[in-house]
Amino acid sequence: MTVNYHTHTVRCRHASGTEREYIETAISRGITTLGFSDHSPYIFDGVYYSSFRMRPEELKDYYETLAALRDEYNDRIDIKIGLEAEYYPNYFEEFLKLIKPFDIDYLILGQHFLENEIEGEYSSKPTSDPDRMTAYISQVIKGMETGLFTYVAHPDVITFTGDLAIYRHEAARICSAARELDIPLEINMLGLRDSRFYPYKEFWRVAAQSGCRIVMGCDAHEPASVAEPENVRQTRAFAKELGITLDEDPIVLRKPGNLI
Ligand SMILES: [Zn+2]
Ligand SMILES: [Zn+2]
């Protein structure tokens, strides 16, 4: 594994280690491009405060800390500064305004909530409701259609316990959007490390047939999880079993600042 765009920092409040430790681990394991994509800040109405993302006032430190390390390490590794964000239609404009002053290299779409985290429900909460499944997939596709996201993290994070035919139909909708918009989908290595319900084989069976690009992402929340060898091996084995050829080349990044 030589490229990874899915790396967190302590600012999200559920990750550990210093940025330098992530970088040093990446170098020691042969990573040549390391993208940081911590959970983005979001501005909400009223008193609500998100517990799993950096605060808006931390974005400057996030950017400046990583920019300094990018310069310091530039002859050893290519550091990219990204963010993992949800597509929350009601708050997206404010989010874009917030990040615009920073030269963010890319966004990854990690849709952790249906609608948004105030009015909606956690994506992984099991459901057998086909309407909920359809709404989730439609929201992810709308996010992809903004043209601002470079790839989709764990597109299979929704837990659907209903009719498998419906699941496959909805999975196919994301995969064809990914192919048409040329946005890779990520096999999430954290899910494999932690034996979560994703990556979900039914999803990736559909993806394997769809012609979309498929990448792997460490989703590292601690330095030791950057390109951890056993985790890389299990991810490659997962892909191989499902007939997936992983795209392991550096991704052409969509810089949001150039687009908004
Ligand atoms: Zn996280
Ligand atoms: Zn993540």
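Me: What covers the buried residues of H4?
Reply: In this predicted model, the cover includes strand S4 (106-109), strand S5 (151-152) and H5. The buried residues of H4 are Met-133, Tyr-136, Ile-137, Gln-139, Val-140, Gly-143 and Met-144.

Me: How do you know that the buried residues of H4 line one face of the helix?
Reply: Seen down the axis of H4, the buried residues fall within an arc of 155°, so they line one face. An α-helix has 3.6 residues a turn, so residues three or four places apart point the same way.

Me: Why are H4 and H5 called roughly parallel?
Reply: Helix H4 (residues 130-145) and helix H5 (residues 164-181) pack at an angle of about 5°. Angles under 35 degrees count as roughly parallel, and H4 and H5 are therefore described that way. Their axes are 10 Å apart.

Me: Which residues make the contact of H4 with H5?
Reply: On H4 they include Met-133, Ile-137, Val-140 and Met-144, and on H5 they include Ile-166, Tyr-167, Ile-174 and Ala-177. The residues of this contact divide into 11 nonpolar, 1 polar and 3 charged.

Me: What makes the length of H4 close to the expected one?
Reply: H4 has 16 residues, and its first and last C-alpha atoms are 22 Å apart. At 1.5 Å a residue, 22 Å is expected.

Me: Why is Tyr-91 called partly exposed?
Reply: Tyr-91 has 18 C-beta neighbours inside 10 Å. A residue is buried at 20 or more and exposed at 12 or fewer, so Tyr-91 counts as partly exposed. Tyr-91 lies in the loop between strand S3 (78-85) and helix H3 (92-99).

Me: Which residues is Tyr-91 in contact with, leaving aside its neighbours within four places in sequence?
Reply: They are Tyr-42, Ile-43, Phe-44 and Asn-116. Phe-44 is 47 residues from Tyr-91 along the chain, yet their C-alpha atoms are separated by 6.8 Å.

Me: Ser-195 and Ala-227 each have a positive phi; which is buried and which is exposed?
Reply: Ser-195, with phi of about 50°, has 6 other C-beta atoms within 10 Å and is therefore exposed. Ala-227, with phi near 50°, has 22 such atoms and is therefore buried. Ser-195 lies in the loop between H6 and H7, and Ala-227 in the loop between strand S7 (214-217) and helix H8 (229-241). Most residues other than glycine have a negative phi.

Me: How do you know that the peptide bond from Tyr-198 to Pro-199 is cis?
Reply: Its omega is near 0°. Pro-199 is found in the loop between helix H6 (189-193) and helix H7 (201-210).

Methods. Residues numbered from 1 in each chain as written. Chains lettered and ligands numbered in written order. Predicted model: local features only at pLDDT ≥ 70, side-chain atom pairs only at ≥ 80, totals over all residues. Axes fitted to C-alpha atoms, helices over the stretch in contact; angles between N-to-C directions. Helix = DSSP H or I, 4+ residues; strand = E, 2+ residues; numbered from the N terminus. Parallel < 35°, antiparallel > 145°, perpendicular 65-115°, else oblique. Contact = placed C-beta atoms within 7 Å. Nonpolar A, V, L, I, M, F, W, Y, C, P; charged D, E, K, R; others polar. Expected span 1.5 Å × (residues − 1). Arc of directions from axis to C-beta.
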